[in-house]
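Here are my notes on this one, jotted down while going through the model. Have it open as you read.

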Amino acid sequence: MENMVKEGFWSGKKVFITGHTGFKGSWLTFWLLHLGAEVKGLSLAPNSTPALFDQLDLAQNLSSHHLGDIREAELAGRLIKSWQPDVIFHLAAQ
């Protein structure tokens with residue numbers, strides 16, 4: 001865990017986030033992008049207006065942005081397998 005806070009740790013890391021369009025997921029995505037990570041996400045569409053995800057214009061900076069339900073195991077598995085992330089954050093509420 002200590003290595004994760006060292007300067008440069010996230011630079012170039014491939015990160016997959018479920019729930020990246022939610023409030024907490026949006027902030028995590030924002031910070032990881034700021035720290036140099038390559039981020040892909042799987043989430044339902046933002047459910048608030050205005051959504052933080054849209055206000056931060058995160059879709060423009062993600063390596064990939066997928067709208068879908070994590071309960072669709074085939075979809076989630078395919079995305080993770082193809083991306084082969086270094087780190088996965090599971091923030092989806094479903």
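Predicted model: local features only at pLDDT ≥ 70, side-chain atom pairs only at ≥ 80, totals over all residues.

1. Setting aside neighbours within four places in sequence, Thr21 contacts Ser26, Ser43, Leu44, Ala45, Pro46, Phe53, His65 and Leu67. Leu33 is 12 residues along in sequence from Thr21, and their C-alpha atoms are 14 Å apart.

2. Thr21 also turns up in the pocket story. The largest pocket has a volume of about 420 Å³ and a lining of 24 residues, with Gly19, Thr21, Gly22, Ser43 and Asn47 lying nearest its centre. By class, that lining splits into 12 nonpolar, 10 polar and two charged residues. Helix H1 (23-34) and helix H2 (52-55) each give at least two residues to the lining, and H1 has the largest share, with four.

3. On to the packing. Which residues make up the largest nonpolar core? There are 11 of them: Trp10, Val15, Ile17, Leu32, Leu33, Ala37, Val39, Phe53, Leu58, Leu62 and Val87. Strand S1 (14-18) and H1 each supply at least two residues of this core. Another core, of eight residues, lies apart from it, and includes Leu42, Ile70, Leu75 and Ala92.

4. Beyond four places in sequence, Leu62 touches His20, Thr29, Leu33, Val39 and Phe53. Phe53 shows up again among the contacts of Thr21.

5. Now look at Phe89, in strand S4 (residues 87-90). Phe89 counts as partly exposed, since its relative accessible area is 23% and buried would need a value under 20%. Leaving out residues up to four places away, Phe89 touches Trp10, Val15, Phe16, Ile17, Thr18, Leu28 and Leu32. His20 is 69 residues from Phe89 in sequence, yet the two C-alpha atoms are 9.1 Å apart.

6. For electrostatics, the count comes to one salt bridge. Arg71 pairs with Asp69, with 2.7 Å between the closest N and O atoms. The two partners fall into separate classes: Arg71 is exposed, with a relative accessible area of 58%, whereas Asp69 is buried at 14%.

7. Finally, some backbone geometry to check. Most residues other than glycine have a negative phi, and most peptide bonds are trans. Against that, the Thr49 to Pro50 peptide bond is cis, with omega near -5 degrees; Pro50 lies in the loop between strand S2 (38-43) and H2.

8. Two non-glycine residues for the phi list are Asp57 and Gln84. Asp57 has a positive phi, near 55 degrees, and lies in the loop between H2 and strand S3 (64-67). Gln84 also has a positive phi, near 50 degrees, in the loop between helix H3 (73-83) and S4. As for accessibility, Asp57 is partly exposed at 42%, while Gln84 is exposed at 58%.

Technical notes: Residues numbered from 1 in each chain as written. Heavy atoms only, no water. 1 Å grid on protein atoms, 1.4 Å probe; cavity = no way out; pocket = protein on both sides within 12 Å on 5 of 7 lines; lining within 4 Å. Points joined across faces, edges and corners; volume = space filled by probe spheres on them. Nonpolar A, V, L, I, M, F, W, Y, C, P; charged D, E, K, R; others polar. Core = buried A, V, L, I, M, F, W, Y, C linked by side-chain atoms within 4.5 Å. Buried < 20%, exposed > 50% of the residue type's maximum accessible area, 1.4 Å probe, protein only. Contact = heavy atoms within 4.5 Å. Salt bridge = Lys/Arg side-chain N within 4 Å of Asp/Glu carboxyl O.
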